[in-house]
Amino acid sequence: MTRDEETREGSINAPEARMRARVKRSGELFRCSWNVLRADKRLALFPVLSAACTLLMAAAFLAPVLAIAPLRAELGTIAEDVGGVPAPAPAADSAAAPGEDPVPGGQRAPAPRLTVLDVGFLLYGFTFFFACSFVVVFFNAALIGAANLAFDGRPTGLRAGLGVAWSRLPQIIAWSLVNAVVGTLLRVLEENLGWLGRIVIALVGVAWSIAVYFAVPTLVIEGVGPVKAIRNSVGAITRTWGEGLVIAIGFGCLGALVSVAGVLTIVAGVAILAGLAGANHPLAGVGLGGLVCSVGVGILVLWSVVSSTLMAITRT
């Protein structure tokens, strides 16, 4: 084989060689991440704490929201009694009869105005986005910090990870504000645009999630601000997109298999419960069927915790 033929064959096989190298590096990264988690299983507690605190935060914000309808009706009654402003009429009563103008004199009905209550709801939603984002980012930063200590061969654990996150508190607050602003803006645009606009906003949201994939590890390890974190994250994605794609596909396939196994286990538990209940053995059905369903739920929860932990470690 001549030198030109060897060069041409090498250039043809170069993309395949690069892909094989990316797959190999992805396997090594996953193996190192798994070894870190196996060496300190307490790292899996960070996603659990994050989920628990997020649920508590959501419950705290949900309680006032449940009183929105009575509050709006109460404010409308007060406005009518005090200021002589009529309360908003129901939508069914506001429709004009066929052939009649909605407003006397043939004028077009005025556009709905943004009330103080609407602004309050918007600010409330922004606060909710910020609070939830802060909780998620804080515990994610703690997990990444603990994993980074483990990769460096230093002592790690819950206290060490929380200490790293606390030392980056200004960066975490700033990044949570950025997330809240972007999330609120996308939500408002999505609610006020048509179906085509909603598709575009959804694509923008996906692009944003991909662009900031490495933002939290950057601000935790390097201690930079949001702008620098976004720029470094985009640069890391352009350099390691192959490894990230392989890991994402691997987690997706494995997660699909685990999810199918968990769902099938739950279905089997429900079938056992129904079968034994129909055979006049309700107590045995509740016991055995409930046990099988619990195993299925446990499989799904365990995979969620382990996968989220490993994904965070691989980003370190």
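Colleague: Which side chains meet in a salt bridge at 2.9 Å, N to O?

Modeller: Those of Asp-40 and Arg-42. Keep in mind that this is a predicted model.

Colleague: Noted. Is Asp-40 buried or exposed?

Modeller: Asp-40 is buried, because its relative accessibility is 8% and the cut-off for buried is under 20%.

Colleague: And what about Arg-42?

Modeller: Arg-42 counts as partly exposed, with 45% relative accessibility.

Colleague: How many salt bridges does the structure hold?

Modeller: There are 2. One of them is the Asp-40 and Arg-42 bridge. Another links Arg-154 with Asp-152, and their closest N and O atoms are 3.1 Å apart.

Colleague: How accessible are Arg-154 and Asp-152?

Modeller: Arg-154 has 45% relative accessibility, so it counts as partly exposed. Asp-152 has 48%, so it counts as partly exposed too.

Colleague: New topic. How many helices and strands are in the chain?

Modeller: The chain has 11 helices and 0 strands. Along the sequence the pattern reads α-α-α-α-α-α-α-α-α-α-α.

Colleague: What share of the residues counts as buried?

Modeller: The figure is 27% of the 316 residues.

Colleague: Let's pick a helix. What span should H7 have?

Modeller: Helix H7 covers residues 169–192, which is 24 residues. At 1.5 Å a residue, H7 should span 34 Å. Its end C-alpha atoms are 35 Å apart, so the two values agree.

Colleague: Got it. Which residues of H7 are buried?

Modeller: Among them are Leu-169, Ile-172, Trp-175 and Leu-186. The list also includes Gln-171, Ser-176, Asn-179 and Thr-184. Ala-180 and Gly-183 are buried as well.

Colleague: On to loops. Where is Gly-223?

Modeller: Gly-223 sits in the loop between helix H9 (215–221) and helix H10 (226–278). Gly-223 counts as partly exposed, because its relative accessibility is 22%.

Colleague: How far is Gly-223 from Pro-170?

Modeller: Along the chain, they are 53 residues apart. Their C-alpha atoms are separated by 9.4 Å.

Colleague: Now the surface. Which residues make the nonpolar patch?

Modeller: Trp-195, Leu-196, Ile-199, Val-200, Leu-203 and Val-204 make it. The patch is about 630 Å².

Colleague: Where does Leu-203 sit, and is it buried or exposed?

Modeller: Leu-203 is in helix H8, residues 195–211. Leu-203 counts as exposed, because its relative accessibility is 58%.

Colleague: Last topic, the rings. How many aromatic pairs are there?

Modeller: The structure has 8 aromatic pairs. One of them is Phe-138 with Phe-139, which is edge-to-face.

Colleague: What numbers describe that pair?

Modeller: The centres are 5.7 Å apart and the planes make 90°. That counts as edge-to-face because the angle is over 60 degrees.

Colleague: Are Phe-138 and Phe-139 buried or exposed?

Modeller: Phe-138 is buried, at 12% relative accessibility. Phe-139 is buried too, at 12%.

Colleague: Which residues form the aromatic cluster?

Modeller: Phe-61, Tyr-124, Phe-128 and Phe-129 form one cluster.

Colleague: And what sits over the ring of Tyr-213?

Modeller: The charged end of Arg-315 does, 4.9 Å from the ring centre.

Notes. Residues are numbered from 1 along each chain as its sequence is written. This is a predicted model: local features need pLDDT of at least 70, side-chain atom pairs count only at pLDDT 80 or more; totals for chains, interfaces and linings use all residues. Side-chain values use heavy atoms; hydrogens and water are left out. Patches are made of residues with over 30% relative accessible area and no salt bridge: like charges are joined within 9 Å, nonpolar side chains (Val, Leu, Ile, Met, Phe, Trp, Tyr) within 5 Å. Accessible areas come from the Shrake-Rupley method with a 1.4 Å probe; for residues, only the protein chains shown count as cover. A salt bridge is a side-chain nitrogen of Lys or Arg within 4 Å of a carboxyl oxygen of Asp or Glu. Helices (H or I, at least four residues) and strands (E, at least two) are DSSP runs, numbered from the N terminus. Buried means under 20% relative accessible area, exposed over 50%, partly exposed in between (1.4 Å probe, protein chains only). Rings of Phe, Tyr and Trp (its six-membered ring) pair if their centres lie within 6.5 Å; planes under 30 degrees apart count as stacked, over 60 as edge-to-face and the rest as tilted. A charge sits over a ring if NZ of Lys or CZ of Arg is within 6 Å of the ring centre and within 35 degrees of the ring normal. The expected span of a helix is 1.5 Å times one less than its number of residues.
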